[in-house]
Amino acid sequence: IRAFVAGTLTALLGADSTHSLANAAPPMAVIAEELGYFPVTNKNGETTYIPARIKQKSTEQAIELSNYLRASGAVMYGAFWCPHCQRQRAMFGREAWANINYVECAKNGAGSDLKMCEKEGI
């Protein structure tokens with residue numbers, strides 16, 4: 001990727017440009033923003049992936065729907081890396097998402113319940 005970026009910059013700025021690439025990695029917040037999750041590694045070297053915080057405030061309609069879904073026993077099975085799951089979380093918003101009964105099915109996702117997912121055939 002670095003070679004591609006360097007080549008693109010050279011093409012855009014010219015070979016004799018004084019601009020250069022930085023060697024620093026982007027801040028973790030930027031990575032989490034782009035991916036929708038961020039890695040956390042414990043002392044044993046095991047990495048768990050935590051979903052990014054939901055930024056959007058819930059609408060009254062989303063809160064009512066989440067209350068209905070919880071009362072009806074609905075469960076959302078998902079994975080931290082799934083873009084559809086990420087969009088669903090964002091559409092509900094912070095307050096409504098707190099009402100959703102969510103089961104993480106990715107083995108290395110935060111709070112993973114792989115046995116439940118396998119039991120349900122997911």
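Analyst: **A buried glutamate and its setting**

Glu104 is buried yet takes part in no salt bridge, and the nearest side chain of opposite charge, that of Arg89, is 7.7 Å away. Buried here means under 20% relative accessible area, exposed means over 50%, and partly exposed lies in between, with a 1.4 Å probe and protein chains only. A salt bridge requires a side-chain nitrogen of Lys or Arg within 4 Å of a carboxyl oxygen of Asp or Glu; for charge, Lys and Arg count as positive and Asp and Glu as negative, while His and the chain ends are not counted.

The model is predicted, so local features need pLDDT of at least 70 and side-chain atom pairs count only at pLDDT 80 or more, whereas totals for chains, interfaces and linings use all residues. Residues are numbered from 1 along each chain as its sequence is written, and side-chain values use heavy atoms, with hydrogens and water left out.

Glu104 belongs to strand β4, residues 102–104. Helices (H or I, at least four residues) and strands (E, at least two) are DSSP runs numbered from the N terminus. What does the side chain of Glu104 meet in polar contacts? One partner is the side chain of Tyr102, at 2.9 Å.

Beyond its neighbours within four places in sequence, Glu104 is in contact (heavy atoms within 4.5 Å) with Gly78, Ala79 and Phe80, with Gly109, Ala110, Gly111, Ser112, Asp113 and Leu114, and with Cys117. Helix α5 covers residues 114–119, and Glu120 lies in the segment after it. At a relative accessible area of 42%, Glu120 is partly exposed. The C-alpha atom of Glu120 is 9.3 Å from that of Tyr77, although 43 residues separate the two along the chain.

Ser58 is buried, with a relative accessible area of 9%. With neighbours within four places in sequence set aside, Ser58 contacts Ile63, Phe92, Gly93, Arg94, Glu95 and Ala96. A polar atom of the Ser58 side chain lies 2.8 Å from the backbone oxygen of Phe92 and 3.4 Å from the backbone oxygen of Gly93. Gln56 is in that loop between β2 and α3 as well, but is partly exposed at 42% relative accessibility. Gln56 touches Ala90, Met91, Gly93 and Arg94, not counting residues up to four places away in sequence; its C-alpha atom is 5.0 Å from that of Gly93, 37 residues away along the chain.

A nonpolar core is a set of buried Ala, Val, Leu, Ile, Met, Phe, Trp, Tyr and Cys residues joined through side-chain atoms within 4.5 Å. The largest one has 13 residues, and those with the most contacts inside it are Met76, Phe92, Trp97 and Ile100. Helix α4 (residues 83–97) supplies the largest share of this core, four residues. Again leaving aside neighbours within four places, Phe92 contacts Ser58, Ala62, Leu65, Ser66, Leu69, Trp97 and Ile100. Helix α3 itself, residues 60–72, has 13 residues that should span 18 Å at 1.5 Å a residue, and its end C-alpha atoms are 18 Å apart, which agrees; the expected span is 1.5 Å times one less than the number of residues. Gly73 follows α3 with a positive phi, near 85 degrees.

The chain as a whole has five helices and four strands, in the order α-α-β-β-α-β-α-β-α. Of its 122 residues, 21% count as buried. Among contacts between residues at least 6 apart in sequence, 57% join residues at least 24 apart.

Key. Polar contact = N/O pair within 3.5 Å; in protein donor to acceptor, adjacent residues only side chain to side chain.
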